[in-house]
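Please walk me through this structure, one part after another. I have not looked at it before.

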Amino acid sequence: MSDDTGKQFKIAMVGAGPASLYGAAKLAKEGHHVTILNRDIKHGGLAEYGIYLNKYKMKGGLRKMFSRILSNDLIHYYGNVTVGSEGSMTLEELQGMGFDATIVAVGAQGTKWLGIPGERAPGVYHAKDLVYHYNSLPPFSEQDFAIGKKVVVVGLGNVALDIVHWLVCEKKVEDVTLVARRGPKERACTPKELKLVSGAMDKDALRAEFDRIKENLESLGQDVDAEYDSLIKYSDVELETESHTRLNMRFLCSPARVELDEAQEHVVGLTCDKTLMTPPREEGGRPGVKMTGEQETIECDTVVFAIGDSIEPSIGLPLEPKWKSTFATVPEALEQFPDAPRYMVYDPEKEEPLWGTFVVGWARKASDGLVGKARADAETGVKEVLLYLNGELEQGPAESDLSMDDITERLEGLLQERGVTFVTYDSVKVIEQKELSLAKEKGVDEYKFASNQEMLSLLLK
Ligand SMILES: Cc1cc2nc3c(=O)[nH]c(=O)nc-3n(C[C@H](O)[C@H](O)[C@H](O)COP(=O)(O)OP(=O)(O)OC[C@H]3O[C@@H](n4cnc5c(N)ncnc54)[C@H](O)[C@@H]3O)c2cc1C
C-alpha cells in the first residue's frame, strides 16, 4: 500500500523515542519506508530511560506498542548510531543518502544552564543525567553520581518529583529540599507524583514555610490554607519503601549561587534570591516574579537542577535566531493547517525553508509534556511531511531512481567504513530476551545491561 499518488517514499527518522516511533507508524501505515537511526542501542528514548523505574505497567504497555511498530517490515531500525557533528555520521551525510525527507526526533538532549556561579561544580547535577543513570542508560549508568546526605532539588514539576522519589525511596538520603521560584499553587507536578513522596513530608516545616509566604500568596488572592491542604493531602500515605528522609519545600526562592568549600571541591549550600510573585500580565497567566534583594542559603551537599532540558545543537539544524533555544521552523502557518505549529526546519540566514527536513516531539519543543503529547506532536508533524511528499507544498521532493535497497546499501556501507557497530531490531530483541531471562534468574522485576559493551558482546556470541 502507498499514498494517494501511488508513490512509496523513503523517510529517514533520527531518534527512536515516542515521537519518532509513533510518527514512523503513521508513515508506514501509509505504505512508506522509514529508516530509524538511534543514538542508544535500544529504542524508546525517555519512555524507556526516563519514566520512573518502577512504573512497570506503563513501561510494559509502551514497550509492547513499540515492539509492534518496529516489527513492521517497512520500518528499518539502526541502534547505536548517533547523527550529528560529534556522531557516527552528520545530518548532511544522512540526507545525502537519497531519502525523500528527514525527520529529526532526537528529544531534548542539551542541558539548560542558569548561568549562576558554582553550577558546574562536582556534586551539582542535572535531572536528566540522574534519570538516565538510574534507568540504566549507557554511558550514564556507568558514571558515578555521588549523592550526599542533604540534597536540594530545584524545580517543582514531575521530573523534580521523580528525582525526589529516587532520593527518598532508593538513596534514602537524610534531607531533601525542593526549591521553587514561585509558590505552591504554581507547581507543575501531578497529584500522582506528589502522592509517591508525600509520606516523607515534614508537615511542621511546611506549615512554617506557608506562614513565611502567606502575605504574598494572599496579595494574589490565593487561598493559603487550601493550598497547604492540597499539598499535604497524601502525607499520611505510606512510602513504598521504609525511608527516614525528611522532605522540605522552599517557595519564592530563585537560585543565585552554589556555595562551595574553600577547596572549591564540595558543595556546602545553595544561596537563593528571595522573590515575590506579582500579578499575572494577562488573565489566567502565571504570576510574575520580582527579587526582594534578600538572600538565604540552604545548607546542602548536593544540588540537582530539574528545570527542564534544552535542545542539543550538535545535530546540525539552524537555531531560531532570538533565543537560540529551539530549532528554527518555518514561521508562516500552513493554509491546510492554520492552527498547527510548523514542523519544517527553516534557515533564518537565507530566510528559506530546509525543504524536506522536519522536527517533531521534544526536539521541536523541549520538555513539553508526556508521551501522549509527543505522540500527538509527531502525528501532526507527519501530516505536514505527507503534504510535502505528495507535492502539496510550494516545493516537493526531488525525483530519485534510488530504491530502498540502494539507500540501505549506501547507509550500511558508510557505517561499516566508519567502524560503527549498528544494531538492528532483531538484535535488540536478542538483548531484551537475555535481560528478561536474567531478571528471572536474579528474581528482580527488571534487569538492564548497564553498558553498551555488554549488549554488543552478547550479539557477537
Ligand atoms: C524524568 C522523566 C520522567 C517522565 N515520566 C513520564 C511518565 O511517567 N509518563 C509519560 O507519559 N511521560 C513521561 N515523561 C515524558 C516522556 O518521556 C516524553 O514526553 C517523551 O519521551 C518525549 O519523546 P521524544 O521522542 O520527543 O524524545 P525522547 O524520548 O527523548 O527520545 C529521543 C530519542 O532520540 C535519540 N537521540 C538523541 N540524540 C540523537 C542523535 N544525535 N542521533 C540519533 N539519535 C538520537 C535518543 O536515543 C532517543 O531514543 C517523562 C520525562 C522525563 C524526562
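This is a predicted model: local features need pLDDT of at least 70, side-chain atom pairs count only at pLDDT 80 or more; totals for chains, interfaces and linings use all residues.

From α5, the residues A127, L130, V131 and Y134 take part, and they meet V159, A160, D162, I163, W166 and E170 of α6. By class, this contact between α5 and α6 holds 8 nonpolar residues, no polar ones and 2 charged ones. Helix α5 covers residues 127-134, and its axis lies 10 Å from that of α6, at an angle of about 50 degrees. The crossing of α5 past α6 is left-handed.

In the loop between α5 and β6 (150-154) sits P139. The peptide bond that leads from P138 to P139 is cis, its omega being near 0 degrees. In the loop between α6 and β7 (175-179) sits K172. This residue, K172, is not a glycine, yet it has a positive phi of about 50 degrees.

The next step is the division of the chain. Domain 1 is made of two stretches, 10-109 and 310-423, while domain 2 spans 124-305. Between the C-alpha centres of domain 1 and domain 2 there are 34 Å. Where the domains touch, domain 1 contributes 5 residues and domain 2 contributes 7 residues. On the side of domain 1 that touches domain 2, 3 residues are nonpolar, 1 is polar and 1 is charged.

The crossing of α1 and α10 is right-handed. On the α1 side the contact uses P18, A19, S20, Y22, G23, K26 and L27, and on the α10 side it uses V371, A374, R375, D377, A378, E379, G381 and V382. The residues of this contact between α1 and α10 divide into 8 nonpolar, 3 polar and 4 charged.

Both helices of that pair come up again at the ligand. Which elements each supply at least two residues of the shell around the ligand? They are α1 (18-29), β2 (33-38), α2 (46-49), α6 (158-171) and α10 (371-389). The largest share, 3 residues, comes from α1. Seen by domain, the shell takes at least three residues from domain 1 and at least three from domain 2. There are 36 residues around the ligand, and those that come nearest are G15, G17, G45, G107 and G361. Sorted by class, the shell around the ligand has 19 nonpolar residues, 13 polar residues and 4 charged residues.

One more helix pair remains, α12 and α13. Helix α12 runs over residues 425-442 and helix α13 over residues 452-460. The axes of α12 and α13 come within 10 Å of each other and cross at roughly 110 degrees, so α12 and α13 are roughly perpendicular to each other. Their contact is made by S427, V430, I431 and K434 of α12 together with M455, L458 and L459 of α13. In this contact of α12 with α13, 5 residues are nonpolar, 1 is polar and 1 is charged.

Methods
Residues are numbered from 1 along each chain as its sequence is written. A residue is near a molecule or strand if its C-beta atom, placed from the backbone, lies within 6 Å of it. Helices (H or I, at least four residues) and strands (E, at least two) are DSSP runs, numbered from the N terminus. Ala, Val, Leu, Ile, Met, Phe, Trp, Tyr, Cys and Pro count as nonpolar, Asp, Glu, Lys and Arg as charged, and the others, Gly among them, as polar. Domain bounds come from an automatic or database domain assignment. Axes are lines fitted to C-alpha atoms, for helices over the stretch in contact, and angles run from 0 to 180 degrees between N-to-C directions. A crossing is left-handed if the near helix is turned anticlockwise from the far one by less than a right angle, and right-handed if clockwise. Two residues are in contact if their C-beta atoms, placed from the backbone, lie within 7 Å. Angles under 35 degrees count as roughly parallel, over 145 as roughly antiparallel, 65 to 115 as roughly perpendicular and the rest as oblique.
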